[in-house]
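Thanks for coming. Please have the structure open while I talk.

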Amino acid sequence: MAQKPYPSAPAAEAALEPAIRAHLRYGTSALLLFLVGGLSLEFLHLIKAPWYLDHHLRRELWVLGHAHGALLALLNLAWAAVLPRLPAAASAGWALRWGAALVPAGFLLGGIGNSESDPSLAILATPLGAALLLLALFTATRAAWRR
Amino acid sequence: MSRRLATILSLALPGLLALVLAGAWGWSAKQGLEPPEARDEFAYAGSTSCKSCHADHHASWSRTYHRTMTQEASAKSVQGAFDGQVVRYWGQPVRPTQKDGRFLFEYLDPRDLSVLGSVPVARTVGSHRYQQYLAEAPGGRYQRLPLIWHNGEQRWIHYNGAFLYDDNQRYDQHAATWNPNCIYCHNTGPEPRITNAEELFQRLKRGERFNYLSEAHWDSQVAELGIACEACHGPGAQHAAANRNPVRRYWLHLSGRADPSIVNPRRLTPERAAQVCGQCHGQRLPARPDLVDRWLSRGPTYRAGDDLQAHVRLVTRDTPVPAGDPDTFRLRFWSDGTPRLSAYELQGLMQSSCYTRGGASCIGCHSAHDGDPAGMISAENREGAACEGCHQGIAQTLPAHRQHAATGANTDCVDCHMPKLAYGVMEIHRSHHIEKPAPAVNASGQRPDACTGCHGDRSAGWAETALRQWRGEPTEPSSPTALPENLRQLFAGDPVQRAVAARLAGAEDSALGPVARRAQLPLLFAAMEDRYPAVRRFAWLSARQTATVLGDTRLLQTLAGFDFIADAPLRAEALIRIRQQFRPVAIADLQGGLLRDDGGVEAELIASLRAQADGRAINIGE
């Protein structure tokens with residue numbers, strides 16, 4: 001069976017360029033968004049907003065949403081940086097981006113219309129996003145172990 | 001296996017698994033929604049379990065004095081000054097002190113102050129107005145100690161000064177055993193667990209006479225010290241177990257259905273909701289004699305949500321007294337049945353048409369989770385927002401309804417319809433019998449009234465005439481020389497009347513102007529000679545408030561030297577200094593003849609009024 005020829009290095013990088021740009025766009029935009037989100041949470045402390053401060057679960061969920069959103073944005077930037085060395089992981093880039101969006105979205109929306117004891121049903125986005133992240137990282141790990 | 005298939009499977013398999021799990025949970029949730037076949041009345045989980053799901057409600061409850069009603073003695077819970085300073089009342093010197101991290105009362109020999117005995121504090125009761133202390137005693141008893149710490153005044157007070165008794169009391173007059181008394185209302189899931197009931201019963205049958213409180217042995221247990229979540233929501237272990245199932249929880253959230261495994265007072269009928277509070281804020285006896293054994297062993301049978309009256313008999317003016325003074329209960333109510341002690345709020349509410357016809361309940365005004373922890377009531381509700389829910393017509397014409405606008409007085413609904421007339425925990429509280437003012441009827445019934453309590457320099461006739469004029473009814477002019485009703489009750493009333501009158505005479509929100517307040521000071525000094533410590537204290541508080549209003553700092557300083565429970569000679573000396581400090585001035589309003597025109601008191605009239613006073617002590621069931 002004829003083997004697929006490896007593309008030359010510049011050609012490979014050119015092929016990865018759209019994926020790298022997608023991760024860079026997502027990572028920088030999300031970082032900006034969650035930085036603004038963090039400032040908003042601080043503002044809620046500043047004005048002592050009771051609908052945030054007095055709702056233990058909402059506070060926890062929104063802090064989790066902010067933290068996960070920012071960290072996953074950084075993960076996208078890191079992914080863009082290592083992608084030239086792990087080109088096989090590029091196929092799972094969509095899962096990483098969707099996962100990075102769904103996990104914080106679930107936390108943030110789960111804190112809206114929630115009861116005291118449980119998040120709203122929007123929290124289902126979080127495990128779905130987590131599953132996508134798992135898939136992306138599994139793909140990247142497999143690519144790293146393969147020669 | 002192709003990459004695409006692997007991707008599809010890696011998403012589909014967890015999805016399928018999630019669907020199966022959701023189905024299983026859904027089925028089990030439906031089973032869990034049915035009420036448990038037999039409620040386990042002892043299945044308490046504790047407030048820590050509640051916290052993991054109800055953190056906000058746990059936090060709002062944690063602020064309350066309910067939580068700290070009973071606590072193990074510790075540096076965190078003890079509020080009193082255990083600083084080694086000797087406190088001497090009723091001839092007994094006591095030194096509250098600390099040793100090795102423990103809080104002790106050292107009982108001293110009055111002659112040389114040597115230590116006769118040392119009693120360690122085991123638990124504290126109360127944390128709001130005052131704090132009581134319990135010591136462990138033989139037989140598993142917890143004994144209430146005579147010295148209490150008053151938070152407002154930051155001082156030690158002997159219990160004899162907190163009850164409506166005269167000066168002639170034993171040092172241990174109000175000794176109480178916690179196990180068959182305080183345990184019921186100051187804890188959650190109380191179980192006194194008397195262990196030798198049968199033996200005591202046999203001794204009684206043999207005709208033996210003994211002190212039941214000192215002979216009984218106890219193995220008392222509570223689900224939680226203090227008044228915690230499950231006192232108002234019912235035992236929660238079954239609820240906590242059922243709601244580990246997330247599908248059940250989301251089914252309840254989304255459907256808006258009540259969870260049958262727990263009680264939410266806001267979902268109960270107004271009557272049942274009021275009974276949740278009334279299990280303690282409504283003095284009661286076991287509904288039937290056969291329940292007495294149960295109360296002494298595993299505690300009361302009522303649980304939140306039940307029909308309280310199926311479990312207990314609420315104490316009213318007409319309730320027969322099982323043993324002791326047959327007037328014990330009668331004396332706890334005004335002649336019209338309105339409670340005059342605190343912890344009878346349910347009985348007061350049940351007499352109100354707001355309850356009988358309007359469906360009012362405690363939680364219409366109060367909330368265990370909102371508002372000021374002191375009264376568990378929001379600022380809006382204090383000012384009448386709760387009343388406006390039903391009385392919208394009045395709310396729209398409030399200035400006309402209030403009738404006090406011309407004087408600039410800002411009267412709230414509660415000022416006229418829930419006057420302060422109930423004694424408890426060394427304060428005068430609002431009546432929970434919501435009613436219309438009726439000064440003439442109330443004066444003839446020997447009870448305080450909203451009008452004459454506030455207008456402390458006016459007679460009942462004056463107040464009745466004013467009310468009739470407002471209503472457009474025919475009136476007769478009242479006698480200008482009639483005794484002001486509050487002052488009449490201050491000297492001629494029974495101990496509760498005198499206590500209420502003394503407190504109202506100088507109340508911060510009194511309608512008395514500075515001239516009238518100043519004129520009444522000599523009468524308050526006279527009331528500071530009352531033979532009931534509680535009355536003396538209220539008269540002293542009113543004099544202090546009056547001096548504050550008048551800005552008389554020298555009088556305030558002199559008043560600070562008066563101790564309402566000091567020995568009589570010391571009190572007399574302090575009063576001499578106070579009277580020397582105060583210079584009466586000529587006055588026009590002689591307060592119905594109680595004052596001379598030079599501002600001094602008419603001692604003969606006061607003496608004749610005192611001769612009319614009912615001197616009976618009032619037993620406070622707390």
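Let me start with B:Glu41, which counts as partly exposed because 16 C-beta neighbours lie inside 10 Å. For that label the count has to fall between the exposed limit of 12 or fewer and the buried limit of 20 or more. Keep in mind that this is a predicted model.

Where is B:Glu41 in the chain? This residue sits in the loop of chain B that runs between α1 (3-33) and α2 (47-51). What does B:Glu41 touch, once neighbours within four places in sequence are left aside? The contacts are B:Pro235 and B:Arg303. B:Glu383, for its part, is 342 residues from B:Glu41 in sequence, and the two C-alpha atoms are 39 Å apart.

On confidence, the average pLDDT of chain B is 92, and 96% of its residues score at least 70. For the model, ipTM is 0.80 and pTM is 0.89.

Now to chain A and the helix pair. Helix α4 (residues 93-110) packs with helix α5 (residues 125-145) at an angle of about 160°, and their axes are 7 Å apart. At that angle α4(A) is roughly antiparallel to α5(A), since anything over 145 degrees counts that way. The crossing of the two, α4(A) and α5(A), is left-handed.

Which residues meet there? On the α4(A) side they include A:Leu96, A:Trp98, A:Leu102 and A:Phe107, and on the α5(A) side A:Leu128, A:Leu132 and A:Leu135 are among them. Sorted by class, this contact between α4(A) and α5(A) has 16 nonpolar residues, five polar and no charged ones.

Conventions
Residues numbered from 1 in each chain as written. Chains lettered and ligands numbered in written order. Predicted model: local features only at pLDDT ≥ 70, side-chain atom pairs only at ≥ 80, totals over all residues. pLDDT = per-residue confidence, 0-100. Helix = DSSP H or I, 4+ residues; strand = E, 2+ residues; numbered from the N terminus. Contact = placed C-beta atoms within 7 Å. Axes fitted to C-alpha atoms, helices over the stretch in contact; angles between N-to-C directions. Parallel < 35°, antiparallel > 145°, perpendicular 65-115°, else oblique. Left-handed = near helix turned anticlockwise from the far one by under 90°. Nonpolar A, V, L, I, M, F, W, Y, C, P; charged D, E, K, R; others polar.
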